[in-house]
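Start with the overall layout, then look at the charged pairs.

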Amino acid sequence: PMGEAPAVELDAVLAGGGWDVGVSFEGPPPPAGPVRLGRNVCYVVLAVLFNEEVRQPPRDPHPGGTRCPPAPSPSLQDGVLLVQEAKPECRGRWYLPAGRMEPGESIVAAMRREVKEETGLECEPLTLLALEERGPAWIRFAFLARPTGGTLKTLEEADAESLQAAWWPGDPCALPLRAPDILPLLALAACYRRSPPHPPTLPQELPCAQLCLRLLVAFTNDAGDLWVLLGSGGTPHLPVVACGTSPAELRGGLRLPVLRLLRDCLSPDPRPGPLGLLGLQHRAGGPGGADGICFNVLLSVSPASPGAAPPEPCSPAFCWWRVEEESLRGRILQRLHAGAAVPIRS
């Protein structure tokens, strides 16, 4: 018997909360030093905001400026907040408010700052929409947020952050966009507003020295049995793996340390499903000034045949825990089968 500890930890993680990372990791040891913004990690924030009340058309550009979006059609009910870029390499093009986090900022504070600087509006986050990543070298947190105050930036207020901001009610493809990568995020935001696929998910204020992943690895078979992979060293717990900061690992994606751990501890070669984000933990100015984040992720391992038991761990450092408590079992299965987690796009 595993006792109560795994159930308590699972309950916290499934609720989008956090759990102490500690100093022990499964798999290869973590990097010797803490992760630092601008040194070995890069975090970017982005926000999608919809205007459901004020129908304010974009303003005309100043002489010689780039074309502003036309006034919205009265048949359209709301618009999305876009900014016109001021950077020389994309000046005049349109994008969602976004920018890099700064040392000492929380993730939510960085999102609010970028929205305020680029659009003139105050906002509050509603949920993470997606986690986009290329390994520690570049991780972007895409939020759905709502405006809470402020005034849209005009061309008269143009600065190095942006030229202006506007509520755009039409097809974004009709605009000269800085990049089309915002289109899937707009689709996710529209979907979330219609029918949220996952609970509201926001960063939790807990310190973390490294960039790491806490893994909720689930195994189910056709009979409806459910097991969860645990680290068995000390108190049984969800495994935690650290991301490396070598040049290869910086661009290898967050899936790389997950695959390495599963291939080292399970036989035969497991077939894990996609990663889904249940929550994340970060505190600005963590241990030693670290900018680490722990991502709590959900994934499944496919059975080799109907009714199969989970693959036997190759190491005594791991074991499978059969989940029999019906409420906990139902919550894990619901998250698995409904895809009820924040998507991770690599």
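The C-alpha centres of domain 1 and domain 2 lie 31 Å apart. In this predicted model, local features need pLDDT of at least 70 and side-chain atom pairs count only at pLDDT 80 or more, while totals for chains, interfaces and linings use all residues. Residues are numbered from 1 along each chain as its sequence is written, and side-chain values use heavy atoms, with hydrogens and water left out.

Domain 1 covers 7–35 + 208–343, and domain 2 covers 42–53 + 77–194. These bounds come from an automatic or database domain assignment. Between the domains, 21 residues of domain 1 are in contact with 18 residues of domain 2 (contact means heavy atoms within 4.5 Å). About 1,400 Å² is buried there, and carbon and sulfur atoms give 74% of that area. Buried area is the accessible area (1.4 Å probe) that two parts lose on being put together, summed over both. On the domain 1 side, L250, L254 and P343 lose the most area, together 28% of what that side buries.

What about charge across this interface? A salt bridge here is a side-chain nitrogen of Lys or Arg within 4 Å of a carboxyl oxygen of Asp or Glu.

Now look inside strand β12, which holds N296. Strands (E, at least two residues) and helices (H or I, at least four) are DSSP runs, numbered from the N terminus. N296 is buried, at a relative accessible area of 0%. Buried means under 20%, exposed over 50%, and partly exposed in between (1.4 Å probe, protein chains only). The side chain of N296 makes a polar contact with the side chain of R214 at 2.7 Å. Such a contact is a pair of N or O atoms within 3.5 Å; within protein, one must be able to donate a hydrogen and the other to accept it, and residues adjacent in sequence count only if both atoms are side-chain atoms.

The whole structure has 16 salt bridges. One of them joins D11 and R331 (2.4 Å, N to O). This pair links helix α1 to helix α6, 320 residues apart. D11 is partly exposed at 38%, and R331 is partly exposed at 28%.

E105 and R113 also meet in a salt bridge (2.5 Å, N to O). Both E105 and R113 are buried.
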